[in-house]
Amino acid sequence: MTAEYGKLTWEEVRDADKDRVVILNVSATEDHGPHMPLDTDTVLGMAVANGVAELAPDEVFVMPPVAYGFNEHHKDFPGVIWIQPETLIAFVTDITKSLAHHGFRRILLLNSHGSNHPVLDLAARKTVIETGILCVSASYWNLCADRINADRKSEIGGIAHAGEFEAAMYAHLHPEHVHLEKAAEQNLHNPDSRFFNLDLARGGGKAMLMRWWSEVSPDGTMGDPTVADAETGAKFLKSAVEETLALVREIRALPILARKDHH
């Protein structure tokens, strides 16, 4: 049986192992500097999800992606498609509730766009409350941050948005769509700040302020894509796939517990 959910027949869905983890990638369509395409988040998120399916085809189903996200703060750059957070929570929750209706018990909302993180956290929580199944949300770069830092070439601040991490992985996957000759370093990390860490692989900020993107980035980039290369991108992707698979296997092992109302 294929791990690609969209290629299943309804009879295969009926008969499928409902303890496979269903992976739903939620991403965005937005600016990634002059050197990368609008579909960066979707391409990379699906590369991680499909990579997990290649390693463990009998343990997961991979859903078609949700290619639009919560990113209105990017709209000063042409091409951005934004979804209001309330709409996105409702949309994703309708997907998870549909899966629960068909008997699936374990879902991973795999995030590949930073500002989706709180939205998907809420969608996962709503799913658990409304269905009783297990629904986990995770941003894939958080799962592999230690391994990213072992392989990176950029300084702190170089991995934020369209920086080394994303540029290197996209160059590994589809080098014809990455134009590093147009890339510029936009490292905005302030080492004197205790709370606003702009490097995703270093844990992100302890406090969150999301400004209008055009206020802080002249070209849509935040980080350092100039040091990106496809070889490092392959390492980054391998780390992301393997650590996401490790999470999938923990989700598969989690017990589904019974509620007890103490009223």
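## Tour of the side-chain contacts

Select A162 to start: at 0% relative accessibility, A162 counts as buried. Here buried means under 20% relative accessible area, exposed means over 50%, and partly exposed is in between, with a 1.4 Å probe and protein chains only. This is a predicted model: local features need pLDDT of at least 70, side-chain atom pairs count only at pLDDT 80 or more, and totals for chains, interfaces and linings use all residues. Residues are numbered from 1 along each chain as its sequence is written, and side-chain values use heavy atoms, with hydrogens and water left out.

**Stop 1: the backbone at A162**

Stay on A162. This residue sits in the loop between β5 (159-161) and α7. Helices (H or I, at least four residues) and strands (E, at least two) are DSSP runs, numbered from the N terminus. Check the backbone torsion: A162 is not a glycine, yet its phi is positive, about 60°. Most residues other than glycine have a negative phi.

**Stop 2: salt bridges**

Now switch to charged side chains. How many salt bridges does the count come to? The count is 16. The rule asks for a side-chain nitrogen of Lys or Arg within 4 Å of a carboxyl oxygen of Asp or Glu.

Select D19 and R106. They form a salt bridge, with the closest N and O atoms 3.0 Å apart. D19 lies in the loop between α1 (10-15) and β1 (21-26), and R106 in strand β3 (residues 106-111), so the pair ties together parts that are 87 residues apart in sequence. Colour the two by accessibility. D19 is partly exposed at 25%, whereas R106 is buried at 7%.

Next, select E72 and K75. The closest N and O atoms of this salt bridge are 2.8 Å apart. E72 is partly exposed, at 23% relative accessibility. K75 is partly exposed too, with a relative accessible area of 33%.

Go on to E242 and R147. Their side chains meet in a salt bridge at 2.7 Å, N to O. E242 belongs to helix α9 (residues 230-253) and R147 to helix α6 (residues 145-151), so this pair ties together parts that are 95 residues apart in sequence. E242 has a relative accessible area of 29% and is partly exposed. R147 is partly exposed as well, at 27%.

**Stop 3: aromatic rings**

The structure holds 5 aromatic pairs. One of them is Y140 with W141, an edge-to-face pair at 5.4 Å centre to centre, with 70° between the planes. Rings of Phe, Tyr and Trp (its six-membered ring) pair if their centres lie within 6.5 Å; planes under 30 degrees apart count as stacked, over 60 as edge-to-face and the rest as tilted.

**Stop 4: charges over rings**

Select K18 with F104. The charged end of K18 sits over the F104 ring, 5.6 Å from its centre. Then select R20 with F61. R20 lies over the face of F61, at 4.2 Å from the ring centre. A charge sits over a ring if NZ of Lys or CZ of Arg is within 6 Å of the ring centre and within 35 degrees of the ring normal.

**Stop 5**

F195 is found in the loop between α7 (164-173) and α8 (213-216). At 38% relative accessibility, F195 is partly exposed.

**Stop 6: cysteines**

Select C135 and C144. C135 is buried, with a relative accessible area of 10%. C144 is buried at 1%. How many disulfides does a search of the whole structure find? The search finds 0, where a disulfide is a pair of cysteine sulfur atoms within 2.5 Å.

**Last stop: N50**

Select N50, in helix α2 (residues 40-55). N50 is partly exposed, at 34% relative accessibility. The C-alpha atoms of N50 and A3 are separated by 8.8 Å, and the two residues are 47 apart along the chain.
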